[in-house]
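User: I want to learn how to read a model feature by feature. Can we work through one together?

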Amino acid sequence: MQYAIQYQHRLWEGKLKAGDVLLSNHPECGGTHLPDLTIITPVFVDGESTVAFYVAARGHHTDIGGQGITSMMPDPKELWQEGFNVRSMKIVDNGVFLENDVRKALLAAGDLPGCSPTRRLDDNISDIKAKISANQRGILLLQKMCADSVSPLCTVT
């Protein structure tokens, strides 16, 4: 997970604001295997514009499209054959869930030769929203910890 967050931090440094959320599942970007979608949210403390922390949630999705109907097909030779894959995608912008963009991206796997889109689109969306909510809870707890603490971890430099 730390590599997924480090990758996104380098890619988005200075570009994120409170209310933004990212999605990634690409193995070159800290992902495990494609059905494990990672949702990464920056945490800001005391109104600062610099990211103090990141919270992340990773969970397995039963279907993300591709050549087969499982996440462990033996035949693919290329990553795109395994379904939805993304290095980095902003899925919440300033607190607004970009549901149409996420749906479009999940369905795009079906545009590739021999592949199908996700067959569980509404489940994918619900699971992503659950991870976004889990991250929001983590943000609230970290911000509370910083408000109650004089910890140097809570000081943005």
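User: How far is the sulfur of Cys115 from the closest cysteine sulfur, and in which residue is that sulfur?

Analyst: A disulfide is a pair of cysteine sulfur atoms within 2.5 Å. Here the closest cysteine sulfur to that of Cys115 is in Cys29, 19 Å away, so it is too far for a bond. The structure holds 0 disulfides.

User: What should I know about the model before going on?

Analyst: This is a predicted model, where local features need pLDDT of at least 70, side-chain atom pairs count only at pLDDT 80 or more, and totals for chains, interfaces and linings use all residues. Residues are numbered from 1 along each chain as its sequence is written, and side-chain values use heavy atoms, with hydrogens and water left out.

User: Is Cys29 buried or exposed?

Analyst: Buried means under 20% relative accessible area, exposed over 50%, and partly exposed in between, with a 1.4 Å probe and protein chains only. Cys29 has 1% relative accessibility, so it counts as buried. Cys115 is buried too, at 10% relative accessible area. Across the protein, buried residues make up 41% of the 157 residues.

User: How many helices and strands are there?

Analyst: Both are DSSP runs, numbered from the N terminus: helices are H or I with at least four residues, strands are E with at least two. The protein has 3 helices and 5 strands. From the N terminus, their order is α-β-β-β-β-β-α-α.

User: Where does Ala18 lie, and which residues does Ala18 contact?

Analyst: Ala18 lies in the loop between α1 (2–12) and β1 (21–24). Contact means heavy atoms within 4.5 Å. Setting aside neighbours within four places in sequence, Ala18 contacts Phe44 and Asn94. Ala18 and Gly95 are 77 residues apart in sequence, yet 7.8 Å apart in space, C-alpha to C-alpha. For the protein, take contacts between residues at least 6 apart in sequence: 62% of them join residues at least 24 apart.

User: What radius of gyration does the protein have, against that of a compact globule?

Analyst: The radius is taken over C-alpha atoms, and the globule rule is 2.2 Å times the number of residues to the power 0.38. For 157 residues, a compact globule would be near 15 Å; the protein has 17 Å, which agrees. Along the principal axes, the C-alpha atoms fill a box of roughly 55 × 25 × 20 Å.
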